[in-house]
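Please look at the sequence and the structure below before reading on. The report then describes some of the features found there.

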Amino acid sequence: MDWSLSFEGDRLAYRVCDGEKGPCTIAIYDFEADKVVSYRNDTGARWGTTTFSMDSKLLAFPVEEPGTDNWHIAIMTVEGKDYRVVTKGTGIRTAPSFSPDGRKLTYQCAGYLSESYYTPY
């Protein structure tokens with residue numbers, strides 16, 4: 001079981017992965033309501049660590065492109081609706097973060113490097 005957490009106000013978003021039971025999924029625990037909502041992941045992709053938008057209406061998280069080593073950034077509402085992948089191309093995108101106005105995303109991106117770029121230690 002793999003857990004990754006993100007807090008926003010009185011809610012906690014977390015990722016749960018269990019390779020034997022399917023791909024990673026996301027759940028949100030509401031401290032005030034003492035309730036957990038889990039989202040069904042039927043995309044075939046592993047979902048990464050989530051982050052809330054500033055207005056707490058959206059979640060952003062990395063998703064693995066099935067059958068490749070590529071990771072993209074996806075967003076969906078905190079109700080688990082309107083899932084969509086918002087990046088394209090090869091490489092690994094992680095650690096999404098919303099701009100203060102909620103209209104843009106920043107994220108880390110690593111392209112594929114040949115062995116000649118690796119730094120020995």
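The text below treats a group of aromatic residues and then one glutamate.

The model is predicted: local features need pLDDT of at least 70, side-chain atom pairs count only at pLDDT 80 or more, and totals for chains, interfaces and linings use all residues. Residues are numbered from 1 along each chain as its sequence is written, and side-chain values use heavy atoms, without hydrogens and water.

**Aromatic residues**

Rings of Phe, Tyr and Trp (its six-membered ring) pair if their centres lie within 6.5 Å; planes under 30 degrees apart count as stacked, over 60 as edge-to-face and the rest as tilted.

| Pair | Distance between centres | Angle between planes | Class |
|---|---|---|---|
| Tryptophan 47 and phenylalanine 61 | 5.1 Å | 45° | tilted |
| Tryptophan 47 and tyrosine 83 | 5.6 Å | 20° | stacked |

Trp47, Phe61 and Tyr83 form one aromatic cluster. Strands are DSSP runs (E, at least two residues), numbered from the N terminus. Tryptophan 47 lies in the loop between β4 and β5 (51-52), and phenylalanine 61 in strand β6 (residues 58-64), so their pair ties together parts 14 residues apart in sequence. Tyrosine 83, in the loop between β7 (71-77) and β8 (84-85), is 36 residues from tryptophan 47.

Buried means under 20% relative accessible area, exposed over 50%, and partly exposed in between (1.4 Å probe, protein chains only). Tryptophan 47 is buried at 2%, whereas tyrosine 83 is partly exposed at 30%.

**Glutamate 32**

Glutamate 32 is found in the loop between β3 (22-30) and β4 (35-38) and is exposed, at 69%. Glutamate 32 and arginine 11 are 21 residues apart in sequence, with their C-alpha atoms 8.1 Å apart.

Methods:
Helices (H or I, at least four residues) and strands (E, at least two) are DSSP runs, numbered from the N terminus.
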